[in-house]
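Take a look at the model below. How do its parts pack against each other? This report walks through the helix pairs and the domains.

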Amino acid sequence: MVVVSVPAEVTVILLDIEGTTTPIAFVKDTLFPYIKENVKEYLQTHWDEEECQQDVSLLRKQAEEDAHLDGAVPIPVASGNAGDDLQQMIQAVVDNVYWQMSHDRKTTALKQLQGHMWKAAFTAGRMKAEFFADVVPAVRRWREAGMKVYIYSSGSVEAQKLLFGHSTEGDILELIDGHFDTKIGHKVESESYRKIADSIGCSTSNILFLTDVTLEASAAEEADVHVAVVVRPGNAGLTDDEKTYYNLITSFSELYLPST
């Protein structure tokens with residue numbers, strides 16, 4: 001087994017989710033298809049609730065900003081003919097969500113609706129988050145060794161907490177010291193990692209970032225963050241240069257903490 005030694009100065013382990021703690025297949029084959037299959041029913045059920053109306057308003061505003069884009073779907077406002085009007089609006093929201101997802105958009109409006117839908121599904125027990133088998137035991141070991149463990153994902157903090165709070169391993173939120181999403185900055189920008197270090201109250205050199213995306217690893221390195229690239233089933237392949245340059249692990253158990 002390959003062993004990667006964690007530098008002695010590291011006190012914080014920062015984790016990506018998709019492809020690192022959680023199989024990409026769970027995200028692609030469970031989370032996102034759930035949105036497509038259930039968005040219309042969800043809107044019809046929750047339409048009159050304030051949270052849902054806020055989601056629709058945000059999506060409508062985003063649609064207005066996207067009006068110049070090819071294939072963008074507008075969302076009309078109510079005009080008075082209650083029954084037909086409502087169904088037309090709901091269908092417009094559904095079509096807009098489909099269009100955004102087909103283009104892999106990561107707009108706040110789309111992520112907010114998705115987060116609320118997943119929250120309803122997780123809390124109702126309709127789905128549970130999946131983690132690779134090595135993840136939870138390793139995080140427990142790190143915590144026992146005095147490490148802090150944080151999450152940094154493009155998924156919203158709310159969505160992250162749903163995953164860790166409703167998993168096949170039970171509620172493991174207590175193992176995580178904090179969460180970051182793209183509100184602090186994009187994951188391919190080195191400044192994001194400096195902001196995370198400031199927020200935690202440590203130096204960037206005190207952080208080890210685990211991710212499956214080399215562009216993210218490169219950005220973190222530019223900020224003097226230590227990195228290891230995680231190689232999991234279903235992840236994108238690496239070039240020969242990337243395989244040579246980065247510390248690679250296929251399991252969290254391959255990380256060796258000098259203090260343990």
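A crossing is left-handed if the near helix is turned anticlockwise from the far one by less than a right angle, and right-handed if clockwise. Keep that in mind for this predicted model.

**Helix 2 and helix 4**

Start with helix 2, residues 50-65. Helix 2 passes helix 4 with a left-handed crossing. Their axes come within 8 Å and cross at roughly 155°. Angles over 145 degrees count as roughly antiparallel, so helix 2 is roughly antiparallel to helix 4. From helix 2, the contact uses Glu51, Gln54, Asp55, Leu58, Leu59 and Gln62.

**Helix 4 and helix 6**

Helix 4 has another partner here, helix 6. The angle between these two is about 20°, and their axes are 9 Å apart. Helix 4 is therefore roughly parallel to helix 6. This crossing, too, is left-handed. Gly115, His116, Trp118, Lys119 and Phe122 in helix 4 touch Glu158, Ala159, Leu162 and Leu163 in helix 6. The residues in this contact divide into 5 nonpolar, 2 polar and 2 charged.

**Helix 7 and helix 8**

Which way is the crossing of helix 7 and helix 8, left-handed or right-handed? It is right-handed. The axes come within 7 Å and cross at roughly 60°, so helix 7 and helix 8 are oblique to each other. Ser190, Tyr193 and Arg194 in helix 7 meet Glu216, Ala219, Ala220 and Glu222 in helix 8. That contact has 3 nonpolar, 1 polar and 3 charged residues.

| Helix pair | Axis distance | Angle |
|---|---|---|
| Helix 2 and helix 4 | within 8 Å | roughly 155° |
| Helix 4 and helix 6 | 9 Å | about 20° |
| Helix 7 and helix 8 | within 7 Å | roughly 60° |

**The two domains**

Now step back to the whole chain. It is divided into domain 1 (4-22 + 129-256) and domain 2 (29-124). Their C-alpha centres lie 31 Å apart. Domain 1 gives 8 residues to the contact, and domain 2 gives 8 residues.

The size of an interface is often given as the accessible area lost when the parts come together. Domain 1 and domain 2 bury about 770 Å² between them. Carbon and sulfur atoms account for 65% of it.

Which three residues supply more than any other three of the area that domain 1 buries against domain 2? They are Glu158, Leu162 and His166, with 54%.

How values were computed: Residues numbered from 1 in each chain as written. Predicted model: local features only at pLDDT ≥ 70, side-chain atom pairs only at ≥ 80, totals over all residues. Heavy atoms only, no water. Axes fitted to C-alpha atoms, helices over the stretch in contact; angles between N-to-C directions. Helix = DSSP H or I, 4+ residues; strand = E, 2+ residues; numbered from the N terminus. Parallel < 35°, antiparallel > 145°, perpendicular 65-115°, else oblique. Contact = heavy atoms within 4.5 Å. Nonpolar A, V, L, I, M, F, W, Y, C, P; charged D, E, K, R; others polar. Domains from an automatic or database assignment. Buried area = accessible area lost by both parts, 1.4 Å probe.
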